[in-house]
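Student: I would like to learn how to read a model of this kind, one feature at a time. Can we take the features in turn?

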Amino acid sequence: MNVSANKKGTTLIQKVKEEWKRNKELYIMILPVVIYFFIFMYIPMYGAAIAFKQFSPAKGILGSDWVGFTHFFRFFDGIYFVRVLKNTLVISVYSLIFGFPAPIILALLLNEVRVKWFKNLVQTVTYLPHFISLVVIIGLLKEFTISTGLVNDVFAFFGMDRFPLLQKPEAFRPLYIISEIWQTVGWNSIIYLAALSGIDEQLYEAARMDGANRWKQTLHITLPSIASTIIILFILRMGSLFTVGFEKIILMYNPSTYEVSDVISSYVYRSGLLDMNYSYSTAVGLFNSVMNFILLVVANKLSKRISKTSLW
Amino acid sequence: MSKRDTIKRRIKTSMSYKVFQGFNTIFLILLMIVTVYPMVHVVMASFSEGIALTSHKGLLLWPAGNPTLDAFKAVFTNPNILKGYRNTMFVLIVGISLQIFMTSLGAYVLSRKKFALKNPIMFFITFTMFFQGGIIPFYLLIKDLNLINNLFSLILPFVVSAYNLIIMRTSFAAIPDSLEESAKLDGASHFAIYARIVMPLSKAVIAVMLLYYGVGIWNGWFWASVFLRNRSLFPLQLVLREILISNDVSSMTQGTSGADVAVIAESIKFATIVVATVPILSIYPFLQRYFAKGVMIGAIKG
């Protein structure tokens with residue numbers, strides 16, 4: 001008994017030694033990468049512990065006093081909880097309903113184009129906005145929607161009043177979603193186009209023999225062929241249902257639209273980095289991350305059961 | 001069904017398909033117009049006379065007033081914008097070199113088949129795509145590392161992206177093993193295989209990485225706004241934000257003599273956008289053919 005355990009032990013050490021001897025260079029090469037992820041990804045995860053502490057910069061993360069779930073309860077009881085949660089969900093669901101199908105439709109339409117140069121031209125043009133910075137896009141959005149801007153020129157033409165739209169709460173969400181689709185529809189269609197180009201041409205030929213017209217071919221061949229791609233991207237999208245990036249929001253919003261535009265991440269940014277409530281905002285952010293993580297795991301499980309497609 | 005009926009039906013289908021094709025083409029042309037118009041507007045406005053531009057109504061398909069280069073002259077003599085350019089270029093050159101080096105290094109090791117810790121390290125890296133500590137702990141870390149008010153705060157924390165590493169790893173894994181095996185027989189080390197075989201064979205994926213990382217650095221502004229207080233360190237996008245979003249006229253017209261300010265203030269905004277956007281928009285069409293592969297790999301494996 002003892003002997004065999006001993007023997008096992010030595011073989012493990014030997015194995016480690018052999019592996020080290022064989023792959024020493026690989027370990028040296030991967031070391032800086034592992035160190036990078038450890039410092040810049042895992043130390044902040046440890047730092048998130050301040051969500052359960054009363055962090056004071058003087059005492060540091062380790063030295064600050066534990067306060068349990070106080071910050072979480074303060075968030076749940078506060079007036080912002082319902083507002084930012086609702087705004088996050090509403091913007092996210094709108095962008096899911098309108099933004100998710102848009103690139104699929106574009107890809108299907110492009111797939112029907114038989115003139116190659118025209119297809120390439122449409123692709124090149126619709127990818128362009130992906131490369132324009134958010135600062136420029138929101139700057140332009142502002143230029144176009146101020147009371148003397150182009151959009152208001154159109155409104156005035158139809159006899160409506162001029163109004164700076166970014167100051168208008170009811171205009172915030174449509175502007176957010178429309179500008180998002182404008183920026184991403186082309187780029188996001190790439191992946192569907194790649195999936196479409198992988199479809200075997202023989203399938204279409206066989207369908208034509210059976211008398212299927214273009215609509216039926218799309219319904220019975222094209223769509224099922226890209227279904228797994230759609231499902232994977234849908235899972236990813238579901239996993240981030242409670243995520244609305246703060247970068248665009250904080251460029252776009254202002255106090256007159258906070259009631260509809262303030263989302264969890266922008267609230268974390270404001271209360272944390274601007275008002276310096278470090279522990280409280282970390283708690284809000286952590287609550288959001290954990291929720292997202294659970295959502296992703298659940299969505300992935302569901303998809304695995306229903307369609308045998310999954311992320312892991 | 002008689003033969004005539006079949007032929008009739010076929011003609012009808014092809015007719016309705018032709019109608020569809022017509023509408024499809026028109027729709028796609030409209031989509032292109034909607035996509036391109038804002039850019040046309042920017043370019044035309046940048047060549048416009050400021051006052052004429054302010055009073056202009058509706059679509060702008062030609063510079064308002066007499067076409068002029070005044071706005072560009074003002075932009076290129078504006079010290080804020082020039083400094084912004086310089087800072088962005090510094091971060092771009094140093095940052096992108098480190099990013100390509102570190103990402104390819106990780107991708108090389110993790111694409112080797114006989115590497116015992118491959119899966120644990122892969123998990124260690126992939127996990128960070130789905131769960132992060134959050135922006136506050138991240139900010140506190142940068143503060144503890146004394147990187148505040150230092151351009152390296154825009155470089156070191158972003159040296160590897162897990163997503164890009166996975167794209168690169170998948171591409172490296174597709175290189176035939178036989179090349180590695182025969183190089184090993186000749187006594188080549190992993191360093192040599194990495195530098196002399198894998199990297200030279202991976203120009204396409206490196207091009208995609210250059211573009212992805214490059215766009216990220218060029219267009220990034222958020223962390224700069226958090227980490228940098230010293231205005232002389234501001235990257236281009238942060239200067240741009242002051243001009244476009246905060247409407248800060250003083251930073252817009254610095255370097256321009258008083259009388260001209262009001263005349264060109266409006267067109268300067270647009271000239272700045274042109275100057276800040278053209279470099280990236282002019283590079284990407286050359287790399288377009290590599291996108292599909294990169295995006296595909298990233299989305300499926302990610």
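Student: Where is the place of Thr218(A)?

Tutor: This is a predicted model, and in it Thr218(A) sits in helix α11 (residues 214–239) of chain A.

Student: Is Thr218(A) buried, exposed or partly exposed?

Tutor: The approach is to count neighbouring C-beta atoms: 20 or more within 10 Å make a residue buried, 12 or fewer make a residue exposed, and the rest are partly exposed. Thr218(A) has 14 other C-beta atoms within 10 Å, so Thr218(A) is partly exposed.

Student: Which residues does Thr218(A) touch, not counting residues up to four places away in sequence?

Tutor: With those sequence neighbours set aside, Thr218(A) touches Leu108(A) and Leu223(A). For a distance, take Tyr204(A), 14 residues from Thr218(A) along the chain: the two C-alpha atoms are separated by 9.3 Å.

Student: Why is Arg114(A) classed as exposed?

Tutor: The same cut-off applies, 12 or fewer for exposed. Arg114(A) is exposed because 7 other C-beta atoms lie within 10 Å. Arg114(A) belongs to the loop between α5 (101–111) and α6 (116–127) of chain A. Its C-alpha atom and that of Glu205(A) are separated by 16 Å, and these two residues are 91 apart along the chain.

Student: What should I look for in a nonpolar core?

Tutor: In soluble globular proteins, nonpolar side chains tend to be buried together. Here the largest nonpolar core has 110 residues, and Val135(A), Val136(A), Val284(A), Tyr108(B) and Leu240(B) touch the most other members. Domain 1 (3–68) and domain 2 (73–300) of chain B each contribute at least three residues to this core. A second, separate core of 13 residues includes Leu110(A), Val122(A), Ala194(A) and Leu28(B).

Student: Which residues is Val284(A) in contact with, leaving aside its neighbours within four places in sequence?

Tutor: Val284(A) is in contact with Phe75(A), Ile264(A), Tyr267(A) and Val268(A).

Student: How many residues of chain A are in contact with chain B?

Tutor: The size of an interface is often given as the accessible area lost when the parts come together. A residue count is used here: 63 residues of chain A are in contact with 68 residues of chain B. Helix α1 (residues 2–47) of chain A supplies the largest share of the chain A side, 17 residues. By residue type, that side has 44 nonpolar, 12 polar and seven charged residues.

Student: How is chain B built?

Tutor: Begin with the secondary structure: chain B has 14 helices and zero strands. Of its 302 residues, 37% count as buried. Next, sequence separation: among contacts in chain B between residues at least 6 apart in sequence, 74% join residues at least 24 apart.

Student: How do the domains of chain B meet?

Tutor: Chain B is divided into domain 1 (3–68) and domain 2 (73–300). Nine residues of domain 1 of chain B are in contact with nine residues of domain 2 of chain B. On the domain 1 side, α1 (3–46) and α2 (50–55) of chain B each give at least two residues. That side divides into five nonpolar, four polar and no charged residues.

Student: Where in chain B is confidence lowest, and where is it highest?

Tutor: Where pLDDT is low, the predicted coordinates should not be read in detail. In chain B the lowest mean, 60, belongs to helix α13 (residues 249–253), and the highest, 95, to helix α4 (residues 79–110). Chain B averages a pLDDT of 85, and 86% of the residues score at least 70. For the complex, the predictor gives an ipTM of 0.87 and a pTM of 0.87.

Definitions and conventions. Residues are numbered from 1 along each chain as its sequence is written. Chains are lettered from A and ligands numbered from 1 in the order in which they are written. This is a predicted model: local features need pLDDT of at least 70, side-chain atom pairs count only at pLDDT 80 or more; totals for chains, interfaces and linings use all residues. Two residues are in contact if their C-beta atoms, placed from the backbone, lie within 7 Å. Helices (H or I, at least four residues) and strands (E, at least two) are DSSP runs, numbered from the N terminus. Ala, Val, Leu, Ile, Met, Phe, Trp, Tyr, Cys and Pro count as nonpolar, Asp, Glu, Lys and Arg as charged, and the others, Gly among them, as polar. Domain bounds come from an automatic or database domain assignment. pLDDT is the predictor's confidence in each residue, from 0 to 100. A nonpolar core is a set of buried Ala, Val, Leu, Ile, Met, Phe, Trp, Tyr and Cys residues joined through C-beta atoms within 7 Å.
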